[in-house]
Amino acid sequence: GDCQGPCKLNCPAHTDCQGYVGLIANGEYDAAIKLIKNKIPLPASIGRVCPHPCETHCRRALVEEPLSIAFLKAFAADNDLASGNPYAPEIAESTGKKVAIVGGGPAGLTAAVYGLRAGKSVLVIEKNGFGGQIAYSPKVENIPGTISISGTEFADKLTEQAMNLGADVELETVIRVENGETKKVYTEEGGCYEAKAVILAV
């Protein structure tokens, strides 16, 4: 047989779908979220919008219908958020290098977590408010069995996860990025932030 299931092979993040689905089935939610966050830092967000190619290639469809893999990922993530103490991965020893990220939506916050896990100092600069478009939703689509939450609360929880790992955040408007060995990010408010690398996540 295959060494890896088609669900994992077709997942853009290469997550261990079989692994966390099995853990959730056994009620091992803490272990499931650790396995998920190994590849996806903010699964509560992507679990709701992922086009889930894993399900398209799920072998269970040969028997009856594909498993709801994305739904289960969001379920585990919502349980993690509702716990009040979301699982945080280990952070590598500091490299002394800084990364500036322009954009504080799910993409920017995910990049921030990856940077922190790699031992980088991270600054996220956002113009309108952290969390992205979901922050403007009056109510986030609920996963049965989890708490009701507004878009603003949901966005705050995503942002808190990055900040709790050590990300710095600034609510400013970026107007220019200057290239060079050391990059410089200039803002409308007069800020000038230096970094080894700049990620545009807008």
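Let's start with Arg 60, a partly exposed residue with a relative accessible area of 36%. Keep in mind that this is a predicted model. Arg 60 has a charged partner, Glu 64, and the structure holds five salt bridges.

**Salt bridges at the surface**
- Arg 60 and Glu 64 form a salt bridge, with their closest N and O atoms 3.2 Å apart.
- Glu 64 is exposed, at 57% relative accessible area.
- Arg 176 pairs up with Glu 178 in another salt bridge, at 3.4 Å from N to O.
- Both of these residues are partly exposed: Arg 176 has a relative accessibility of 43%, and Glu 178 has a relative accessible area of 29%.

- Asp 78 and Arg 48 meet through their side chains in a salt bridge, 2.6 Å from N to O.
- Asp 78 sits in helix H6 (residues 69-82) and Arg 48 in helix H4 (residues 43-49), so this pair ties together parts that are 30 residues apart in sequence.
- Asp 78 counts as buried because its relative accessibility is 7%, and the cut-off for buried is under 20%.

**A nonpolar patch**
- Val 177, Leu 200 and Val 202 make a nonpolar surface patch of about 340 Å².
- Val 202 lies in the segment that follows strand S7 (197-200).
- With a relative accessible area of 85%, Val 202 is exposed.

How values were computed: Residues are numbered from 1 along each chain as its sequence is written. This is a predicted model: local features need pLDDT of at least 70, side-chain atom pairs count only at pLDDT 80 or more; totals for chains, interfaces and linings use all residues. Side-chain values use heavy atoms; hydrogens and water are left out. Patches are made of residues with over 30% relative accessible area and no salt bridge: like charges are joined within 9 Å, nonpolar side chains (Val, Leu, Ile, Met, Phe, Trp, Tyr) within 5 Å. Accessible areas come from the Shrake-Rupley method with a 1.4 Å probe; for residues, only the protein chains shown count as cover. A salt bridge is a side-chain nitrogen of Lys or Arg within 4 Å of a carboxyl oxygen of Asp or Glu. Helices (H or I, at least four residues) and strands (E, at least two) are DSSP runs, numbered from the N terminus. Buried means under 20% relative accessible area, exposed over 50%, partly exposed in between (1.4 Å probe, protein chains only).
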